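This report goes through one protein model in plain terms. Please look at the sequence and the structure first, then read on.

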Amino acid sequence: MSFDRARVERLTRELLEAIGEDPDRPGLKQTPSRMGELYAEFFAGVGEDAAAPLAHTISVARGPAPDTLPSGAVLLRDIRFRSVCEHHLLPFAGRAHIAYLPGEQVVGLGALVRVVETLAARPQVQERLGEQIADTIAEHLDTRGVLIVLDASHGCVTMRGGRQPEASTLTIAARGEYTDAVARAELIALIGASTGSAHA
């Protein structure tokens, strides 16, 4: 099923009427069109293959730096992302941190960012988003271990209910060697230092 912008616009107009508003008043007249554009952007990942960015890999042994075989983790920190919670259709946003233990094939770092962006651009919950990122990388990249840490602030926590504007949610997804807590302790410490400075 493809994105139906015209239908989103019609439904936005109906929603405005349902809450007792006049969708034809000056301040709201363009709102259905704006919501169509917004939702097209927010949900651009629906139906997209999140693994596609990982298809182009680089051989470590035969690549540009064959004398520098990686012995430890590759850690990409502070990838900013935003998504929409499927429970209330309110936004949540934060930082993703990705670590993996490379095998003989590695991938450009931008590809990891695109995996996060594709999976985030659909109705989500943070717990599942982290697991999907971990699965995608573990299944489509030559790796011995994957660790995904997401730190995000949720509109359904900051704007409604308890209204806790400073609250954030931290989730961890691990695959391979990083399912062992000792193996991932150093990375968690490095990510924690990054997160602490980011929130300071």
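Five strands form an open sheet in the order S5-S2-S3-S6-S7, with mixed pairing. Strand S5 (123-124) and strand S7 (169-176) stand at the edges with a single partner strand each, so one side of each has no neighbour in the sheet. Strands of a sheet pair through backbone hydrogen bonds, either parallel or antiparallel. Strand S6 (residues 143-154) pairs with S7 in the antiparallel sense, over 8 bridges. Within this pairing, leucine 147 has alanine 174 in S7 as its bridge partner. Two strands count as paired if DSSP finds at least two bridges between them. Helices (H or I, at least four residues) and strands (E, at least two) are DSSP runs, numbered from the N terminus.

The model is predicted: local features need pLDDT of at least 70, side-chain atom pairs count only at pLDDT 80 or more, and totals for chains, interfaces and linings use all residues. Residues are numbered from 1 along each chain as its sequence is written, and side-chain values use heavy atoms, with hydrogens and water left out.

Two residues can be set side by side.

| Residue | Place | Relative accessible area |

What does threonine 136 touch, not counting residues up to four places away in sequence? The residues are Ala50, Ala51, Leu54, Val115 and Leu119, where contact means heavy atoms within 4.5 Å. The side chain of threonine 136 also reaches the backbone oxygen of glutamine 132 at 2.8 Å.

Glycine 27 is 10 residues from glutamate 37 in sequence, and the two lie 17 Å apart in space, C-alpha to C-alpha.

The last topic is the largest pocket, which holds about 460 Å³ of space. On a 1 Å grid over the protein atoms alone, a pocket is an open set of points where a 1.4 Å probe fits, with protein on both sides within 12 Å along at least five of seven lines; lining residues have an atom within 4 Å of a point. The volume is the space filled by probe spheres set on the points. The lining has 14 residues, and Ser2, Phe3, Asp4, Val8 and Phe43 lie nearest the centre. Helix H1 (5-18) and helix H2 (31-42) each supply at least two lining residues, and H1 gives the largest share, 3 residues.

Terms used
A polar contact is a pair of N or O atoms within 3.5 Å; within protein, one must be able to donate a hydrogen and the other to accept it, and residues adjacent in sequence count only if both atoms are side-chain atoms.
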